[in-house]
Amino acid sequence: MLINKLQSIDEFRELDLPKDYLQNLSEHSTDELLDIISKVIEVMLRHLKVSEKEVIEFTGRAEGRELVLISMVCKKLLKNKSLAQIAEELEEEESKIANICHVAEKFAPEYDAEKILEAMKERKE
């Protein structure tokens, strides 16, 4: 398990996760679980006295997938695609796409993906 492998800052720096490890994790986990994992890892890395820059770089990967998904949804919204079409084309659950669309409509027609992601985070809190 990742947590058991990291006992020092040097071990963190030497950590060499397979590229598809994080991608697989993000594709097969719920957003809530990814948020929890990210927060646990942040706390653990700070406990190991890892620099804030490295903490952000490492834990920011979980948000990266969400930002890409939001960007893709926004592009499809600009093409006036329906919620069902978007969910089918992106192979995502309709409820997940509906949540993004609901928040994104407040940012139309520019659809700034980063602002949408921030609004989604605030909504969860």
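Predicted model: local features only at pLDDT ≥ 70, side-chain atom pairs only at ≥ 80, totals over all residues.

Me: Okay, A113 to start. Where does A113 lie?

Reply: A113 is in helix 8, which covers residues 113-124.

Me: And is A113 buried or exposed?

Reply: Buried: its relative accessibility is 12%, and the cut-off for buried is under 20%.

Me: What is A113 in contact with, neighbours within four places in sequence aside?

Reply: L67, I70 and S71. There's also V68, 45 residues away from A113 in sequence, with a C-alpha to C-alpha distance of 8.2 Å.

Me: Switching to helix 7 and helix 8, at what angle do they pack?

Reply: About 110 degrees, with the axes 9 Å apart. So helix 7 is roughly perpendicular to helix 8.

Me: Which residues make that contact?

Reply: Helix 7 brings N99, I100, H102, V103 and A104, while helix 8 brings I116, A119, M120 and R123. Six of the contact residues are nonpolar, two are polar and one is charged.

Me: Now the largest nonpolar core. Which of its 19 residues touch the most other members?

Reply: I70, V73, L77, I97 and I116. Helix 5 (52-78), helix 6 (83-90), helix 7 and helix 8 each give two or more residues to this core.

Me: What about L77, which residues is it in contact with beyond four places in sequence?

Reply: I86, C101, A104 and Y111.

Conventions. Residues numbered from 1 in each chain as written. Heavy atoms only, no water. Helix = DSSP H or I, 4+ residues; strand = E, 2+ residues; numbered from the N terminus. Buried < 20%, exposed > 50% of the residue type's maximum accessible area, 1.4 Å probe, protein only. Contact = heavy atoms within 4.5 Å. Axes fitted to C-alpha atoms, helices over the stretch in contact; angles between N-to-C directions. Parallel < 35°, antiparallel > 145°, perpendicular 65-115°, else oblique. Nonpolar A, V, L, I, M, F, W, Y, C, P; charged D, E, K, R; others polar. Core = buried A, V, L, I, M, F, W, Y, C linked by side-chain atoms within 4.5 Å.
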